[in-house]
Amino acid sequence: MKPMRSFAPDPAPLTFRRVHAAKSLGVSPAELRKWELEGFGPSFIRRGRVVLYPADSLRSWVERNAVDPADGAA
């Protein structure tokens with residue numbers, strides 16, 4: 001009898017393509033592309049025509065841009 005192979009779950013991705021990064025941020029890919037051009041959004045890596053967003057970059061950008069309602073800003 002063959003021993004069963006165990007598979008480790010896939011590790012979390014290190015980068016996301018624009019469409020997946022946009023989905024995780026709750027915006028459209030077009031909006032995210034606009035942010036790229038304006039220099040506003042999270043940092044990204046461009047490899048030719050492919051744009052990749054590091055997962056850590058997305059997390060830190062969200063944390064930096066979060067608004068605390070206790071601060072009175074809305």
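These exercises walk through the helices, strands, core and aromatic rings of one predicted model.

Residues are numbered from 1 along each chain as its sequence is written, and side-chain values use heavy atoms, with hydrogens and water left out. In this predicted model, local features need pLDDT of at least 70 and side-chain atom pairs count only at pLDDT 80 or more, while totals for chains, interfaces and linings use all residues.

**Exercise 1. Find the buried side of helix α3.**

Task: Which residues of α3 are buried, and what covers them?

Solution: 
- Start with the terms. Helices (H or I, at least four residues) and strands (E, at least two) are DSSP runs, numbered from the N terminus. Buried means under 20% relative accessible area, exposed over 50%, and partly exposed in between (1.4 Å probe, protein chains only).
- Helix α3 spans residues 55-65, and its buried residues are Ala-55, Ser-57, Leu-58 and Trp-61.
- They cover an arc of only 165 degrees around the axis, so they sit on the same side of α3. The arc is that of the directions from the helix axis to the C-beta atoms.
- Now turn the helix around. The face away from the buried side carries the exposed residues Asp-56, Glu-63 and Arg-64.
- The cover over the buried residues of α3 includes β1 (15-17), α1 (18-25), α2 (29-38) and β3 (50-54).
- Take Ser-57 as a case. Ser-57 belongs to helix α3 and counts as buried at 10% relative accessibility. Setting aside residues up to four places away in sequence, Ser-57 touches Pro-42 and Ser-43. Contact means heavy atoms within 4.5 Å.

**Exercise 2. Trace the strand pairing.**

Task: How many bridges join β1 to β3, and how many join β2 to β3?

Solution: 
- Two strands pair if DSSP finds at least two bridges between them.
- β1 and β3 run antiparallel, joined by three bridges. Here Arg-17 has Leu-52 in β3 as its bridge partner.
- Strand β2 (residues 45-47) also pairs with β3 in the antiparallel sense, over three bridges. Arg-46 stands opposite Val-51 in β3.
- β2 and β3 form a hairpin with two residues between the strands, where Gly-48 takes a positive phi near 70 degrees.

**Exercise 3. List the largest nonpolar core.**

Task: Which residues make up the largest nonpolar core?

Solution: 
- A nonpolar core is a set of buried Ala, Val, Leu, Ile, Met, Phe, Trp, Tyr and Cys residues joined through side-chain atoms within 4.5 Å.
- The largest one has eight residues: Ala-21, Ala-22, Leu-32, Trp-35, Val-51, Tyr-53, Leu-58 and Trp-61.
- α1, α2, β3 and α3 are the elements that give two or more residues to this core.

**Exercise 4. Follow the aromatic rings.**

Task: Which three residues form one aromatic cluster?

Solution: 
- Rings of Phe, Tyr and Trp (its six-membered ring) pair if their centres lie within 6.5 Å; planes under 30 degrees apart count as stacked, over 60 as edge-to-face and the rest as tilted.
- The structure holds four aromatic pairs.
- In one of them, the ring centres of Trp-35 and Phe-40 are 5.1 Å apart and the planes are at 85 degrees, so the pair is edge-to-face.
- In another, the ring centres of Phe-40 and Trp-61 are 5.6 Å apart and the planes are at 90 degrees, so this pair is edge-to-face too.
- Phe-40 lies in the loop between α2 and β2, and Trp-61 in helix α3, so the pair ties together parts that are 21 residues apart in sequence.
- Compare accessibility. Trp-35 is buried at 11%, Trp-61 is buried at 10%, and Phe-40 is partly exposed at 44%.
- The cluster is therefore Trp-35, Phe-40 and Trp-61.
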